[in-house]
Amino acid sequence: MNVRNILIAAIAVLVAGIGGFWWYAGIHDAAASGIDISDTRLVQKGSALYAANCAACHGSALEGQTPNWRARFPDGSFPAPPHNETGHTWHHPDWQLFDVTKNGRPEFAGRELQSKMPAFGEKLSDNDIWAVLSYIKSRWPKQVQRRHDIINERAPKP
């Protein structure tokens with residue numbers, strides 16, 4: 001092999017390595033990126049995923065399972081809360097919303113909270129979960145979106 005061929009091979013390996021790194025980093029950045037209501041394709045995907053996985057409990061219009069969602073059922077569990085501006089979803093930072101969606105009842109809620117919220121981590125990818133959350137936030141009034149942004153800025157990171 002001559003020097004020219006070695007140089008070409010080295011450059012090809014370098015380019016492939018850099019490309020692989022950026023591809024890998026892009027996947028992980030997308031999974032950790034949080035809610036993005038400016039990404040219309042993500043929001044549209046989230047709308048379809050919400051309809052298929054969430055609307056049966058949380059309502060097709062994000063209205064919640066019952067009007068009195070803070071009152072326990074006879075078994076002690078709470079109804080699925082609304083995800084619109086009348087609920088408490090927007091009171092939580094992105095990472096907590098992601099955690100409860102992926103893992104079910106979050107530990108931050110405490111043991112007294114009895115919820116029938118299933119874990120979606122084995123059914124939905126991380127990107128799917130962010131898409132659903134992006135759709136939900138996209139439906140909030142602008143002032144609630146801004147308040148949620150402030151909550152995200154101030155919230156301690158896990």
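Select S77 and D75: their side chains make a polar contact at 2.6 Å. A polar contact is a pair of N or O atoms within 3.5 Å; within protein, one must be able to donate a hydrogen and the other to accept it, and residues adjacent in sequence count only if both atoms are side-chain atoms.

This is a predicted model: local features need pLDDT of at least 70, side-chain atom pairs count only at pLDDT 80 or more, and totals for chains, interfaces and linings use all residues. Numbering runs from 1 along each chain as its sequence is written, and side-chain values use heavy atoms, with hydrogens and water left out.

**Stay on S77.** S77 sits in the loop between α3 and α4 (94-103). Helices (H or I, at least four residues) are DSSP runs, numbered from the N terminus. S77 is buried, at 4% relative accessibility. Buried means under 20% relative accessible area, exposed over 50%, partly exposed in between (1.4 Å probe, protein chains only). Show R72, Q114 and K116: S77 touches them, not counting residues up to four places away in sequence. Contact means heavy atoms within 4.5 Å.

**Select 40-53.** This is helix α2, with 14 residues. From first C-alpha to last, α2 reaches 20 Å, close to the 20 Å expected at 1.5 Å a residue. The expected span is 1.5 Å times one less than the number of residues.

Which residues of α2 are buried? Colour L42, V43, G46, L49, Y50 and N53. They share one side of α2 because they cover an arc of only 125° around the axis. That arc is taken from the directions from the helix axis to the C-beta atoms. An α-helix has 3.6 residues a turn, so residues three or four places apart point the same way.

Turn to the other side of α2: T40, R41, Q44, A51 and A52 are exposed there. At the N-terminal end, D39 caps α2, with a side-chain oxygen 3.2 Å from the backbone nitrogen of R41.

How many disulfides does the structure hold? It holds 0, a disulfide being a pair of cysteine sulfur atoms within 2.5 Å. The sulfur of C54 is 8.6 Å from the closest cysteine sulfur, in C57, too far for a bond. C54 is buried at 12% relative accessible area, while C57 is partly exposed at 42%.

**Last, colour by pLDDT.** This is the predictor's confidence in each residue, from 0 to 100. The protein averages 83, and 75% of the residues score at least 70. Select 19-31: pLDDT stays under 50 there, and the model has 5 contacts beyond four places in sequence for these residues.

Conventions. Helix = DSSP H or I, 4+ residues; strand = E, 2+ residues; numbered from the N terminus.
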